[in-house]
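Please keep the sequence and the structure in view while reading.

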Amino acid sequence: MRDLIERLYREQTLPPDKLRTLLTCCDDEHLSLIRQKACEVAQTHFGNSIYIRGLIEIGNCCRNDCYYCGIRCSNRAIERYRLDKEDILACCREGYALGFRTFVMQGGEDSRSHDEQMIDIITTIRQHYPDVAITLSLGEKDTATYRRFYEAGANRYLLRHETHNEQHYRMLHPEKMSLSNRLRCLNDLKDIGFQTGTGIMVGSPGQTIDHLIEDILFIGDFRPQMIGIGPFLPHHDTPFADRPTGSLKQTLLLLAIFRLMHPKALIPSTTALATLVPDGRELGILSGANVVMPNLSPSQQRHKYALYDNKASMGAEAAEGLKLLEERMKAIGYIIDKSRGDYPGTSDPL
Ligand code: SAM
């Protein structure tokens, strides 16, 4: 096991059978070794800095029906909301004053007319704040829409592929969604010039070690600039309400594997991880993550963006809790870096 970890560290890849060994036979001692190596690699590229992104959850209106997600369109029990232009600009004003230089606008997969509004909002943010990075996470769109988002001034796009296995994809999504369209979107985003992020939920229902190997190999080939990894957490009003949460150890192991395979990637320590265990944020960073995304959404709306039960959005998870986050990072030897934190080597980021 020690040799495998050394090899992954040196070569930044492993053949599928060795990945299987790593995923199935990693005991606590080796988990701690691989996490240590992952931190070393992250520190080589980012020092002890952790980038922050202001997360604005712009709305929970969604036409998709993903079986795992609390804002799926079949869930009639949640109150839907949509932030308007003024609400979003107010979040940006507050975030900018707090020092944020990346805004992440995430939401359900909303209508075409909402895409038009988003183009106007992106254009306005770009005019008001020429020095910020604008990240979007708005789901699957056609190529022309992605291009218009980019031309309006967006720089980055997060779209987890969720699973690279067709059968597993079918278990997680209804018929009208397809893995091929998800992958088409990811290729479009990269071709257009977005810094592109993808990723998976760890322990999503039906996920096997073989699926994880497929995901690792896909992400290895795709070379995204950002990798989003968090545990699956159930939501009580979904078909997966009774499924177990993803495992903490497997999430940390995967974070470390991705850091060793993608030394310069921007890898967040996710809200789902911070929801799973109280020190999840710290454990993620101590497994090679280098980004945190405090919540900048209006506090009265936060509970409505309920992807899973008990989602953390206050305290160190909240933009207004930045001081607390800074203290918690300091306690594990890291500092908050308020620069926009592009993927290393990105040319002409503005
Ligand atoms: N609609 C956009 C999309 O599909 O990419 C962005 C919003 S979507 C809610 C953001 C991410 O939340 C998904 O990619 C998924 O991985 C994650 N998510 C949704 N439900 C979850 C759950 N029950 N547990 C953990 N993560 C979940």
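The points below concern a predicted model and are grouped by topic. According to an unreviewed UniProt entry, the annotation "binding site" covers Cys62, Cys66 and Cys69.

**Cysteine 66**
- Cysteine 66 is placed in the loop that runs between strand S2 (54-59) and helix H4 (85-98).
- With 23 other C-beta atoms within 10 Å, where 20 or more are required, cysteine 66 counts as buried.
- When residues up to four places away in sequence are not counted, the residues that cysteine 66 touches are Arg72, Leu172 and His173.

**Cysteine 69**
- Cysteine 69 is likewise found in the loop between S2 and H4.
- This residue, cysteine 69, is buried because 22 other C-beta atoms lie within 10 Å, and the cut-off for that class is 20 or more.
- Once its neighbours within four places in sequence are left aside, cysteine 69 is in contact with Thr238 and Leu307.

**Nonpolar core**
- The largest nonpolar core holds 96 residues, of which Ile56, Phe103, Leu255, Ile257 and Phe258 touch the most other members.
- Helix H10 (residues 248-261) supplies the largest share of this core, namely nine residues.
- Leucine 255, one of the residues that touch the most other core members, is in contact with Ala38, Ile229, Ile267, Gly284, Ser287, Gly288 and Ala289, leaving aside its neighbours within four places in sequence.

Conventions
Residues are numbered from 1 along each chain as its sequence is written. This is a predicted model: local features need pLDDT of at least 70, side-chain atom pairs count only at pLDDT 80 or more; totals for chains, interfaces and linings use all residues. UniProt positions are given in the numbering used here, feature names are shortened, and annotations may be inferred rather than shown by experiment. Helices (H or I, at least four residues) and strands (E, at least two) are DSSP runs, numbered from the N terminus. A residue is buried if 20 or more other C-beta atoms lie within 10 Å of its own, exposed if 12 or fewer, and partly exposed in between; C-beta atoms are placed from the backbone. Two residues are in contact if their C-beta atoms, placed from the backbone, lie within 7 Å. A nonpolar core is a set of buried Ala, Val, Leu, Ile, Met, Phe, Trp, Tyr and Cys residues joined through C-beta atoms within 7 Å.
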